[in-house]
Amino acid sequence: MKNVAIVGASGYTGGELLRMLSVHPEVEVTEITSRKLDGQPVHKTHPHIRDTGLVFKDKKPSDIDADVIFTATPHGASMKIVPELLETGAKVVDLSGDYRYRNTEVYEKWYGMKHTDKKNKGAFGLPELYRDEIEKANLVSNPGCFPTGAILSSYPLVKNDLVEKIVIDSKSGVSGAGVTPSGTTHYPNIADNVNPYKISAHRHTSEIQQELHGFDDVKVSFTPHLVPVNRGIQTTSHSFLKEEHLDITPDEIRSLYEEEYGDEYFIKLMDEGEIPHLSSVRGSNFVHIGGFEIDETGRIVMLSCIDNLVKGASGQAIQNMNIVLGLKEQLGLQHLGIYP
Ligand SMILES: NC(=O)C1=CN([C@@H]2O[C@H](COP(=O)(O)OP(=O)(O)OC[C@H]3O[C@@H](n4cnc5c(N)ncnc54)[C@H](OP(=O)(O)O)[C@@H]3O)[C@@H](O)[C@H]2O)C=CC1
Ligand SMILES: CC(=O)N[C@@H](CCC(=O)OP(=O)(O)O)C(=O)O
């Protein structure tokens with residue numbers, strides 16, 4: 001058994017890590033930290049996590065003793081904590097945006113703050129693309145929730161150099177905004193509504209661009225929307241074919257996805273005409289990808305659905321932990337979505 005600690009365990013992704021790790025056969029959560037809940041039993045905050053004996057502690061990072069530590073903390077906070085955690089000899093999986101950028105200047109521009117830890121570099125924790133790097137890493141930087149669905153559903157198109165521009169439109173459940181209530185997440189503003197936000201400059205644009213732009217300078221734009229569901233991200237990507245590829249067929253597009261993801265346990269490609277739904281992936285680490293249609297203007301329409309708290313955060317973080325520990329990648333993550 002390996003010991004696991006969760007820093008910032010009072011938040012939504014912390015709770016989700018606890019839920020999923022409770023049935024993991026090879027690891028045990030031994031420490032959970034919170035600054036404000038010091039001394040409180042876990043179920044007072046996460047009522048579904050019972051009988052663990054776990055109590056929140058307000059601990060200094062250097063006093064945490066575990067084989068793997070998840071930092072489920074906001075960006076800006078993680079980079080202050082992670083260097084000390086790495087010095088304990090633990091492997092760290094960070095859920096924030098702090099270590100996702102190969103170029104910290106891009107981070108500083110989009111997050112509007114100085115990066116205070118330029119020494120430690122994280123492997124980008126999207127296993128379907130970077131498994132080999134993750135395997136060797138001491139620090140894994142879990143991707144953002146929107147980028148996970150957006151990158152995976154567009155990657156085969158850019159890898160094969162087919163498109164010149166991608167316009168990504170995503171709808172997110174409200175748990176994506178974290179545990180702290182705000183005006184934006186207030187029930188009357190959310191219910192019966194669809195709220196576009198940060199319509200041309202959401203920070204995840206830069207993360208998606210980092211992963212997709214490198215291929216022949218494809219132009220990537222992104223707009224998120226809040227929808228009245230607790231969990232899930234539905235993404236529709238409009239990719240515009242290059243002039244020289246206008247004769248490609250939907251079947252040929254599908255074959256590229258089958259080639260890329262055929263062996264990927266967590267990626268399910270929908271049948272022809274089948275639309276992926278949030279209700280099929282909720283609570284699971286699966287990504288459902290569909291679409292594969294091309295309209296008269298040469299626009300490929302791709303669709304993806306994930307659970308933002310699972311494949312978009314804590315599930316993917318556990319997938320990364322499994323890889324780092326040399327365990328079977330699916331351990332503790334095999335359960336299906338809770339349809340309907
Ligand atoms: N929610 C989601 O769907 C996703 C979230 N993420 C990222 O994962 C991370 C955690 O997200 P989420 O669980 O939703 O966030 P929450 O806001 O729900 O929880 C974060 C927790 O971090 C602790 N915290 C806040 N500030 C600090 C600080 N300065 N130092 C130490 N601890 C601090 C708080 O605990 P306390 O006050 O008790 O100490 C808080 O409960 C964030 O970086 C987020 O951007 C990534 C993908 C998806
Ligand atoms: C619905 C909602 O508010 N979602 C968050 C993104 C989720 C997230 O946590 O992103 P990082 O890990 O990159 O911080 C947002 O748009 O800021």
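Which helix gives the most to the shell around ligand 1? H1 does, with 3 residues. Helices here are DSSP runs of H or I, at least four residues, and strands are E runs of at least two, numbered from the N terminus.

Some ground rules. This is a predicted model: local features need pLDDT of at least 70, side-chain atom pairs count only at pLDDT 80 or more, and totals for chains, interfaces and linings use all residues. Residues are numbered from 1 along each chain as its sequence is written, with chains lettered from A and ligands numbered from 1 in the order in which they are written.

Back to the ligand. Around ligand 1 there are 28 residues; a residue is near if its C-beta atom, placed from the backbone, lies within 6 Å. Gly8, Gly11, Ser96, Gly178 and Val179 come nearest. H1 (12–21) and H10 (310–324) each supply at least two shell residues. By class, the shell has 10 nonpolar, 16 polar and 2 charged residues. Nonpolar means Ala, Val, Leu, Ile, Met, Phe, Trp, Tyr, Cys and Pro; charged means Asp, Glu, Lys and Arg; the others, Gly among them, are polar.

Now the domains. The assignment gives domain 1 (2–121) and domain 2 (146–308), with bounds from an automatic or database assignment. Both give residues to the shell, so ligand 1 lies between them. Their centres, taken over C-alpha atoms, are 27 Å apart.
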